[in-house]
Amino acid sequence: MAKRIIKDERIKEIIKNIAEDFRFSQDMSEYALLFYKANSDNVLRGNEIDQMLEYVTTGLKELQNNISWRQEFLSENAGIDEMKMLDNLKTIEDEYLELVKFLN
């Protein structure tokens, strides 16, 4: 069984950020639990690596290809600053890319 110990502080921060996003939404899905566990243990084992990679690669595809989601979100949340939202999405994209690199 493969085991990856998370020592890099940047990767720890990225996993913590994703886990906190799940906590903010009170999500208890399989992916949320995976990130909660990785955040507390700083270790990924076996299938957890594949699951996390699946989550971030799917998220990257959605971020890069789904402009209609952004338009819908902005139309439903008129008070949100579009530039701030785009900056946040860029930060998420950068974090996901770093995490993919670590997981591969």
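Contact here means heavy atoms within 4.5 Å. The model is predicted. The buried set consists of Ala32, Leu34, Phe35, Tyr36 and Ala38.

Helix H2 spans residues 30-41. Its 12 residues reach 16 Å from the first C-alpha to the last, close to the 16 Å expected at 1.5 Å a residue. Just after H2, Asn42 adopts a positive phi of about 55 degrees.

Two packed helices are described by the angle between their axes and the distance between the axes. For H2 and H3 (residues 47-65), the angle is about 115 degrees and the axes lie 10 Å apart. The crossing of H2 and H3 is left-handed. On the H2 side, the contact involves Glu30, Tyr31, Leu34, Phe35, Lys37 and Ala38. On the H3 side, it involves Glu48, Gln51, Met52, Glu54, Tyr55 and Val56. By class, the H2 contact with H3 comprises 7 nonpolar, 1 polar and 4 charged residues. An α-helix has 3.6 residues a turn, so residues three or four places apart point the same way. Leu34 and Ala38 are among the H2 residues that meet H3, and both are buried.

The whole structure holds 5 aromatic pairs. A pair of aromatic rings is described by the distance of the centres and the angle of the planes. In the pair of Tyr31 and Tyr55, the ring centres are 5.2 Å apart and the planes stand at 50 degrees, so the pair is tilted. This pair links distant parts of the chain, with Tyr31 in helix H2 and Tyr55 in helix H3, 24 residues apart. Tyr31 has a relative accessible area of 26% and is therefore partly exposed, since buried requires under 20% and exposed over 50%.

Tyr55 also pairs with Phe35. The geometry is edge-to-face, at 5.3 Å centre to centre and 65 degrees between the planes. Phe35 in H2 and Tyr55 in H3 are 20 residues apart, and this pair too links distant parts of the chain. Phe35 has 0% relative accessibility and so counts as buried. Ring pairs extend the arrangement to a cluster of Phe22, Tyr31, Phe35, Tyr55 and Tyr96.

Note on methods: Residues numbered from 1 in each chain as written. Predicted model: local features only at pLDDT ≥ 70, side-chain atom pairs only at ≥ 80, totals over all residues. Heavy atoms only, no water. Axes fitted to C-alpha atoms, helices over the stretch in contact; angles between N-to-C directions. Helix = DSSP H or I, 4+ residues; strand = E, 2+ residues; numbered from the N terminus. Left-handed = near helix turned anticlockwise from the far one by under 90°. Nonpolar A, V, L, I, M, F, W, Y, C, P; charged D, E, K, R; others polar. Expected span 1.5 Å × (residues − 1). Buried < 20%, exposed > 50% of the residue type's maximum accessible area, 1.4 Å probe, protein only. Phe/Tyr/Trp six-rings, centres within 6.5 Å; stacked < 30°, edge-to-face > 60°.
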